[in-house]
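Hi,

Here is the structure I promised to pass on. Have a look at it first, and then read my notes below.

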Amino acid sequence: MSDLILSETRGAVALLTLNRPNKLNALSYALIDQLMAVLDRIEDDPRVGAIVLTGAGDRAFSAGADIAEFSESVKLGPDAAVKAFVRRGQAMTARMEAFPKPIIAAVNGIAFGGGCEITEAVHLAVASDRASFAKPEINIGITPTFGGTQRLPRLAGRKRALEYLLTGDHFSPQRAYEMGLVNRIVPHADLLDAAFGLADRIMRHSRLATARIITAVTRGLNASIAEGLAIESEQFARMAATQDAREALDHWLAARLSG
């Protein structure tokens, strides 16, 4: 079986490619499991500071879950379907959301269902002007299952999210940008360059500080403001004790004095 996740490293950035182009990069169980294993490896690799995630081929980032596969789980009953399908997909998006190194989606085409949910979960996203988004689960009589009913309303607001969750309508990259689902839209030919450029701008800074910021934001989003401020304080304290912080402060002060 060919690799379902292609992985290459360009400098300190890992490029991961969902690799089922003949199936519009649908998220099979095996693909999700392989992606989780690759993320585990990258987290422990000190050479990698950020990830760019895209889809193979010219048509799709990911068309969502593999319907033929998960329908077999549904036939086995709700408990089996939740265990094999829902928990697996939710674990994947939760892993991406909390991953300590920045993950940037380079959305090169269709991002439907689970593909849209990946885009919602990762830290940053750049969309091709050819991208297309949708929450089409209602068209096959199910609810979103990889976090789409929770993350999209937090990004876009309740009414804007419900419009697409309840209609299944497609929406454009411009609409995705307006709703906060993607950070920018670029010409298709410039997509990977833009994603790698964003990664490079982040990696100019301390990787430890980057990880602490991601943790503070991810944990704080669902907390009260008081709880969120406590999380922020905790992450600052952990960072203030590091050599990275001391060196960055010394460098800034020295530059200020010399200027």
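**Helix packing and pockets**

In helix 1, Tyr29, Ile32, Asp33, Leu35, Met36, Leu39, Asp40 and Glu43 meet Ala84, Phe85, Arg88, Ala91, Met92, Arg95 and Met96 of helix 3. Contact here means heavy atoms within 4.5 Å. Sorted by class, this contact has 10 nonpolar, no polar and five charged residues. For the classes, Ala, Val, Leu, Ile, Met, Phe, Trp, Tyr, Cys and Pro count as nonpolar, Asp, Glu, Lys and Arg as charged, and the others, Gly among them, as polar.

Before going further, please note that this is a predicted model: local features need pLDDT of at least 70, side-chain atom pairs count only at pLDDT 80 or more, and totals for chains, interfaces and linings use all residues. Residues are numbered from 1 along each chain as its sequence is written, and side-chain values use heavy atoms, with hydrogens and water left out.

Back to that pair: helix 1 (residues 29-43) and helix 3 (residues 78-98) pack at an angle of about 30°, their axes 10 Å apart. Helices (H or I, at least four residues) and strands (E, at least two) are DSSP runs, numbered from the N terminus. Axes are lines fitted to C-alpha atoms, for helices over the stretch in contact, with angles running from 0 to 180 degrees between N-to-C directions. Helix 1 and helix 3 are therefore roughly parallel to each other (under 35 degrees is roughly parallel, over 145 roughly antiparallel, 65 to 115 roughly perpendicular, and the rest oblique).

Helix 3 has another partner. Helix 2 (residues 67-75) packs against helix 3 at about 150°, with the axes 7 Å apart, which means that helix 2 is roughly antiparallel to helix 3. Phe70, Ser73 and Val74 of helix 2 make this contact with Ala80, Ala81, Ala84 and Phe85 of helix 3. By class, it has six nonpolar, one polar and no charged residues.

Further along, helix 5 and helix 6 (residues 158-167) pack at about 135°, with axes 7 Å apart, so helix 5 is oblique to helix 6. Gly148, Thr149, Leu152, Pro153 and Ala156 in helix 5 meet Arg158, Arg160, Ala161 and Leu165 in helix 6.

Now the pockets. The largest pocket has a volume of about 570 Å³ and is lined by 24 residues, of which Ala121, Val122, His123, Val217 and Leu221 lie nearest its centre. (On a 1 Å grid over the protein atoms alone, a pocket is an open set of points where a 1.4 Å probe fits, with protein on both sides within 12 Å along at least five of seven lines; lining residues have an atom within 4 Å of a point. Grid points are joined across faces, edges and corners, and a volume is the space filled by probe spheres set on the points.) Helix 9 gives the most to the lining of the largest pocket, with five residues. That lining divides into 12 nonpolar, eight polar and four charged residues.

The second largest pocket has a volume of about 280 Å³, and its lining includes Ser206, Phe236, Met239 and Asp244. Helix 11 gives the most to this lining, with four residues.

One for the backbone: Leu24 has a positive phi of about 55° although it is not a glycine, and this residue lies in the loop between strand 2 (13-18) and helix 1. Asn25 is found in the loop between strand 2 and helix 1, with a positive phi near 55°.

Cheers
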